[in-house]
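Hi,

Here is the structure I said I'd pass on.

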Amino acid sequence: MASIKTKIGRRAFIKNTSLASGGLVLGFSILNSCKPKDVEKIAVREMPKEWFEINAYLKIGDNGLVTIQCPNPEFGQGVMTSMPMIVADELDIIWEDVLVEQAPFNAEKYGWQFTGGSQGIRRRWEGLRMAGATARHMLKQAAANAWQVPVGEIETTEGVLAHKTSGKSAGYAEMAAAAAQLEVPEEVTLKEVKNFTIIGHSKKDVETQKIITGKPLFGIDYQYEGALIAMAVHPPAFGLKLKSFDDSNVRSMPGIVDVFQINTLTDDMTRGYFDTNAFTDLVAIVGKSTWEVMNAKKQLQAEWEPITDYNFKMDRFGTEVEVTVPKGLESTDGHYAQMTEMASKPGTVARKDGNPEAVFKNAAKVIERSYSCPFLAHNCMEPMNFFANVTDTDAHLAGPLQAPALAETTLSTRLGLPAEKIDIEMTRMGGGFGRRAYAHYAIEAALISKQAKSPVKLVYTREDDMTFGIYRPSYHATYRAALDENNNLVAFHVKAGGVPETPLFANRFPAGAVDNYLAEQWEINSNITIGAFRAPRSNFMAGVEQAFLDEVAEAADKDPIDFRLELLERAKNNPVGENNDYEPDRLAGVLKLAREKSNWANSAPGAHRGVSAYFCHNSYAAHVLDIVMDGETPKVNNVVCAIDCGIVVNPDAASNMAEGAIIDGVGNAMYGSLTFKDGRTEQTNFDTYKMIRHNEAPKNIEVHFVKNEIDPTGLGEPPFPPVMGALANALYKATGRRHYHQPFLGKKEILG
Amino acid sequence: MATFNLKINGETKEIDVDPSTPMLWVLRDHIKLVGTKYGCGIAQCGACTIHLGDNAVRSCQLPVSAVGEQEITTIEGLSENGDHPVQKAWLEIDVPQCGYCQAGQIMTASALLKRNPHPSDTEIETAMNGNICRCGTYTRIKTAVKTAAES
Ligand code: FES
Ligand code: FES
C-alpha cells in the first residue's frame with residue numbers, strides 16, 4: 001500500500017471549520033450514476049442542516065451527503081465528474097452521496113487551476129487522492145477518539161466507520177464535526193488500485209441533466225442585474241490597426257449606450273506568454289441588447305492603417321524575451337511559397353545520430369515526401385465572451401477560461417488592482433481546444449466595464465471569433481528514408497517548419513530506432529496570431545510521420561504494423577541516442593491492441609484500412625481506420641482505437657472524449673482550412689469554414705484502453721493527432737492516391 | 001419597437017422589441033431563456049434550434065415578427081422534468097462533452113422523431129446534418145436518437 005506525505009498541497013487541507021449554512025431543501029438528482037429509466041425518480045433529498053468542511057476539496061453534511069469541489073475548469077473533458085470520483089474513492093463513500101461543485105478560482109487553495117495539455121488528471125491525481133484519503137483518516141481518528149480504541153482498528157466501508165471488536169459503528173456524518181477539528185495527518189495510506197470502487201467504473205457526467213434541460217451553465221449564459229451587452233470591433237486583417245473611427249451614426253441607434261476605444265495591452269508592458277493578441281486597439285460598442293449592439297457594430301465607420309514592424313517584451317515563464325512582429329498583409333499563397341523555399345534549404349539541426357548524409361548517398365532506395373497543412377480556427381461552439389463588473393476598488397469577472405491564473409496577472413496590470421481584488425468565476429466552457437488559454441477577451445470585457453462604469457457581458461459574434469483567432473499554425477515537413485538492399489530502414493531525415501513556428505519533435509519515434517537520423521527545423525515569422533490547438537504541433541507531425549512510414553513500409557514490402565513493431569523492438573533493445581522521449585513498449589502495446597481488436601488481417605469486405613500510432617502528452621494511441629467508397633466519396637466506416645493513458649478514471653467518459661478526438665481528427669484532416677488573403681481570413685463563419693457534420697463522421701468507433709496500474713497520463717489530446725495518419729493511409733488503400741496536403745478533400749458543399 | 005404576445009413553452013409572454021429581432025435574442029436577452037444557444041447567427045450550426053409548432057427551426061433566422069400565433073418550444077419547455085424520451089436517451093448514452101450544441105441537437109432530434117418515429121440511419125444523418133458538434137459527439141447522438149426511437 002502506498003503511503004504518501006501530505007506536505008505537498010497541504011495548504012488545501014488546512015481546515016476551515018466555519019460551517020456552510022444548511023437547511024435548504026433542494027431538488028437534486030441522484031442521477032450521477034443511475035440508468036435513464038430512473039429519470040422519473042428524481043430524488044428530492046433534504047440538504048444537510050450543517051456542512052463540516054474537512055478540507056478545501058470536500059465537506060460532509062450532517063445527513064451523509066458529501067460535496068466535492070472540482071478544482072479545474074470544465075470544457076467538456078469531464079473533470080467535473082472524474083476529479084470528484086478520485087476524491088470519493090479515497091474517501092470511501094458511495095458515489096450516489098456525492099454532490100459536485102465547480103471550485104472557485106483560488107490558487108492558494110487549489111494550486112494550478114488549468115485545463116490544457118492533457119494534464120488535468122495527471123497533475124491532480126496525487127492531490128485529489130490525498131484530499132479523500134486524509135479526510136477518511138481524520139474521520140477514522142475522530143471515531144477512534146470517541147470510542148477510545150486504536151485508530152488502526154477502525155475500518156471504513158461506503159461511508160461507514162466500524163470497529164470490529166467492540167461492534168461499534170457510525171456514519172461519516174456522525175464523526176464529521178469532530179473530524180473537522182483534527183490535525184491533518186502527516187502521512188496517509190492510499191488505496192491499492194485493485195481496491196478502487198469508483199475509479200475505473202463509469203459514472204454519468206454530473207452536468208448532463210443540466211445540459212439537456214438548457215440550464216444556464218456557460219459564460220455566455222451569465223446573468224447579472226443591469227449588465228449591458230458589449231461587442232468589440234477589431235481590424236479586418238492581420239497587419240492592420242485602428243487609425244480612427246466615427247461613431248456619430250451609431251450612437252443614436254436604438255439601445256446603444258456608449259461607444260469608445262480600448263487598448264488591451266499597453267506598449268510598455270511586459271506581456272505574458274498567453275497574452276497573444278494582434279488587435280490591441282478596439283472600438284467597444286455597449287448597449288442594451290445583443291441584437292441592437294450587433295446592428296450598431298455593422299454600421300460603425302472605422303479607418304484602418306498598416307502596422308509597422310514592432311517589438312514587445314514577453315515573460316516566457318520567468319525569462320524575458322523580445323518578440324518582433326513583422327508588418328505586412330500576408331496571404332496563404334505567399335506562405336506556401338515561403339515554406340517551400342525554406343524546406344529546400346538546410347534547417348537548424350535539432351538532432352543528429354550516426355552519419356545520415358553518407359548513408360543516404362549509398363542507400364539502395366531513398367523515399368522523399370513533403371507534407372503541409374493550413375491554419376485552423378478553433379471554432380469552439382460557444383464564441384469567446386466574458387462578463388465583467390469593474391469598479392474603482394475591485395473587479396468581478398465570470399466566463400470561460402482554461403487558465404484563469406494567467407488572466408488574473410494581466411488583469412491586475414491593466415486594471416491597476418491587486419490580484420486579491422480580482423474575483424474570477426470559472427463557468428463551464430462551450431469547448432476550448434486550447435483557444436481559451438488566451439484570455440484577451442476577458443481583459444477586453446474588464447476594460448470595457450471599467451470605462452462604461454457598468455457591468456457588461458462582452459460577446460464575440462462567430463465572425464469575430466473566427467477572424468480574431470489564435471490559430472493552429474500552417475506547417476510543412478519533408479521526410480526522407482533510406483532503405484538498404486534488405487529493405488532495412490538505415491537512415492531517416494525529417495525537416496519541418498511553419499508559419500510562424502516549427503512543429504518538430506526531434507526525439508520522438510522513429511528517433512532511437514534508426515542508426516542514422518537527422519532532424520532539422522525552420523520558422524517563418526508572421527503577424528498572424530497562433531497558439532495551442534488540441535495537441536499543438538503533434539496535430540500535424542503525427543499524421544504526416546505516420547503517413548510517411550506507411551509509404552516506407554510499402555517500399556520495404558512490409559506490413560505497416562510489423563514494420564513499426566520491428567523499429568520499436570530496436571528502440572527498446574538497443575536504442576540509438578539517449579533522449580528518446582517515448583517508451584517503445586507502450587507504443588508497441590497500443591499498436592498490438594489495435595491490431596488484435598480490429599482483426600487487422602481480416603478487414604470487412606469493401607473496407608480499406610489504414611493504421612497509425614503516436615505518442616504525445618504522456619500517452620499512447622493507435623488507430624485502425626476503415627474507409628468504404630460510396631461511389632466516388634470515401635466514407636469512414638469504422639475506427640478501432642487503442643489507448644494507453646495509464647489508469648482510466650471514468651471509462652465511458654474517456655471513450656466519449658476519444659471518439660470526439662477521432663471525429664475532430666477526421667474533420668480537420670478532410671476539410672479543416674483557414675486561408676488568408678491580404679491579411680484577411682477568407683472564411684468568417686460556418687458557411688465558408690467547413691466543419692465535419694453528422695453524415696461525414698465515422699459510422700462506428702470502438703475505443704479500447706490498455707489495462708495497467710500506471711498513474712493516469714493525458715487523454716484529451718493523444719487520440720487526436722494520429723487519426724490524420726490512419727485516414728491518409730486508408731484513403732490511399734481506397735483510392736490508390738496518397739494525400740500529402742491537408743485538407744484532403746478541400747472545400748465541399750456546405751450544408752445548412 | 002413593437003409589442004408581441006408570444007406563446008413560449010405554454011405561457012404567453014409580452015415583449016417590446018424591434019420587429020426584426022431574431023427569436024434567438026428575444027429568448028436569450030428578453031425572456032432570459034438561455035438554453036437556446038448562439039453559434040453562428042446564419043442558420044449554419046443548429047445551436048439555436050427551437051420548435052415552431054412541430055417544426056425544428058433556426059431561431060437566429062426567425063424574426064420575432066414572423067412568429068404570430070405559432071407555439072414556440074425551447075429546450076427548457078421540451079418536458080417538465082427533463083424526461084422527454086430524447087432527453088432520457090441523451091442521459092443514458094451520456095452524449096454531451098462540452099454540451100454547448102446539445103440543446104440544438106435535442107430539439108432537432110425530437111422534431112425528427114415526432115414526424116418520423118423510426119428513422120433510418122440515413123434519415124437521422126440528413127435531419128441532424130445542420131447541427132454542428134465541435135466536440136464530435138456525432139456517433140453518440142445517432143445512438144441516442146435510435147435509443148429514443150425504440151423507447
Ligand atoms: S446560431 Fe442559428 S444556426 Fe447557428
Ligand atoms: S458537445 Fe461540445 S459542441 Fe457538441
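**Charges, fold and a ring pair**

Chain B carries 13 positive and 17 negative side chains, with the centres of the two sets 6 Å apart. Keep in mind that this is a predicted model.

Staying with chain B, its secondary structure amounts to five helices and five strands. Read from the N terminus, the order is β-β-α-β-β-β-α-α-α-α. The radius of gyration is 15 Å, which agrees with the value near 15 Å for a compact globule of 151 residues. Along the principal axes, the C-alpha atoms of chain B fill a box of roughly 45 × 25 × 25 Å.

Of the contacts in chain B between residues at least 6 apart in sequence, 54% join residues at least 24 apart. Chain B exposes about 5,300 Å², and carbon and sulfur atoms supply 45% of that area.

Now the aromatics. Over all chains there are 29 aromatic pairs. One of them is F238(A) with F676(A): the ring centres are 6.0 Å apart and the planes sit at 75°, so the pair is edge-to-face (the cut-off is over 60 degrees). This pair links distant parts of the chain, 438 residues apart: F238(A) is in the loop between β10 (228-233) and β11 (240-246) of chain A, while F676(A) is in strand β30 (residues 676-677) of chain A.

Cheers

Terms used
Residues are numbered from 1 along each chain as its sequence is written. Chains are lettered from A and ligands numbered from 1 in the order in which they are written. This is a predicted model: local features need pLDDT of at least 70, side-chain atom pairs count only at pLDDT 80 or more; totals for chains, interfaces and linings use all residues. Side-chain values use heavy atoms; hydrogens and water are left out. Helices (H or I, at least four residues) and strands (E, at least two) are DSSP runs, numbered from the N terminus. The radius of gyration is taken over C-alpha atoms; the globule rule is 2.2 Å times the number of residues to the power 0.38. Contact means heavy atoms within 4.5 Å. Accessible areas come from the Shrake-Rupley method with a 1.4 Å probe; for residues, only the protein chains shown count as cover. Lys and Arg count as positive and Asp and Glu as negative; His and the chain ends are not counted. The place of a charge is taken as NZ of Lys, CZ of Arg, CG of Asp or CD of Glu. Rings of Phe, Tyr and Trp (its six-membered ring) pair if their centres lie within 6.5 Å; planes under 30 degrees apart count as stacked, over 60 as edge-to-face and the rest as tilted.
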